[in-house]
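Here are my notes on the model, as numbered points. Please read them with the structure open.

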Amino acid sequence: MTNHKEAITTTLTTQTCTHSQTRGLRSSVIISSYTEKGNLSIGSGNYFHIHGHRFILTAAHVVDGFKEFFVTERSGDVHVVEVMHIDNFRDIAILKIPTPLKFTKPIDYRPAKRVQVGKEVSYCGHPNQMYFTSYHGRISGLNNQYIIVDTFAWPGSSGSVIFNE
């Protein structure tokens, strides 16, 4: 199991954030997925609360095909989690947390009432071992059930949730 505490501590800096960036940062976790042979993959996820249940939402490809899963909080605390649901068509996975996280704030789930092209959005990801980094962009298009976002993305950002104000 990888300990990200030292890397997290050196990466975090004080910065001015929008409300959506703060929500993304406070709810973000690092997801470490291991194969049976011990190979590691790093992804992102966000801590949610809905109807009294707490869970991590991430991308299906972050956890699909892996055997062991851990989430790391900004504090460096590591927790074992298990995959409860994978939807490969929508590329969504739900991870079960055995106990509430101590240093990560869950988000009360609320779907966007209206999605508009040009609207500013943000997310917090962990690309290329740059842990808990906040990014912003804009909705650049809508295509049936997909929202097309113009923003930075790099391996390790997969699984981040996009937030609007």
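This is a predicted model: local features need pLDDT of at least 70, side-chain atom pairs count only at pLDDT 80 or more; totals for chains, interfaces and linings use all residues.

Strands here are DSSP runs of E with at least two residues, numbered from the N terminus. By that numbering, the loop between strand 2 (40–50) and strand 3 (53–58) holds His51.

1. The protein chain has 3 helices and 10 strands. From the N terminus, the order is α-α-β-β-β-α-β-β-β-β-β-β-β. Of the 165 residues in the chain, 39% are buried. Take the contacts between residues at least 6 apart in sequence: 64% of them join residues at least 24 apart. The accessible surface of the chain is about 9800 Å². Carbon and sulfur atoms account for 51% of that surface.

2. **The core.** Which residues have the most contacts inside the largest nonpolar core? They are Ile31, Ile56, Val63, Val71 and Leu101, in a core of 14 residues. Strand 1, helix 3 (60–63), strand 4 and strand 6 each give two or more residues to this core. In soluble globular proteins, nonpolar side chains tend to be buried together.

3. **Leu101.** Look at this core residue next. Setting aside neighbours within four places in sequence, Leu101 is in contact with Val29, Tyr47, Ile56, Val71, Glu73 and His79. Two of these partners, Ile56 and Val71, are also listed among the core residues with the most contacts.

4. **Ser28.** Ser28 is in strand 1 (residues 28–34). Is Ser28 buried or exposed? Ser28 has a relative accessible area of 0%, so it counts as buried; the cut-off for buried is under 20%. Beyond its neighbours within four places in sequence, Ser28 touches Gly45, Asn46, Thr104, Cys124, His126 and Phe132.

5. **Strands 4 and 5.** Strand 4 (residues 68–72) pairs with strand 5 (residues 78–87) in the antiparallel sense, over 4 bridges. Phe69 stands opposite Val81 in strand 5. The two strands form a hairpin with 5 residues between them. In the turn, Gly76 has a positive phi of about 95°.

6. **Strands 5 and 6.** Strand 5 also runs antiparallel to strand 6 (residues 92–96), joined by 5 bridges. Asp87 has Ile92 in strand 6 as its bridge partner. This pair forms a hairpin too, with 4 residues between the strands.

7. Asp91 is not a glycine, yet its phi is positive. Asp91 lies in the loop between strand 5 and strand 6. Its relative accessible area is 29%, so Asp91 is partly exposed. His51 is not a glycine either, and has a positive phi of about 50°. How exposed is His51? With a relative accessible area of 73%, His51 counts as exposed, because the cut-off is over 50%.

8. **A nonpolar surface patch.** Val115, Val117, Leu142 and Ile147 form a nonpolar patch on the surface. Together they have about 330 Å² of accessible area. Ile147 belongs to strand 10 (residues 146–150). Why is Ile147 classed as partly exposed? Its relative accessibility is 48%, and exposed requires over 50%.

Note on methods. Residues are numbered from 1 along each chain as its sequence is written. Side-chain values use heavy atoms; hydrogens and water are left out. Patches are made of residues with over 30% relative accessible area and no salt bridge: like charges are joined within 9 Å, nonpolar side chains (Val, Leu, Ile, Met, Phe, Trp, Tyr) within 5 Å. Accessible areas come from the Shrake-Rupley method with a 1.4 Å probe; for residues, only the protein chains shown count as cover. A salt bridge is a side-chain nitrogen of Lys or Arg within 4 Å of a carboxyl oxygen of Asp or Glu. Buried means under 20% relative accessible area, exposed over 50%, partly exposed in between (1.4 Å probe, protein chains only). Contact means heavy atoms within 4.5 Å. Two strands pair if DSSP finds at least two bridges between them. A nonpolar core is a set of buried Ala, Val, Leu, Ile, Met, Phe, Trp, Tyr and Cys residues joined through side-chain atoms within 4.5 Å.
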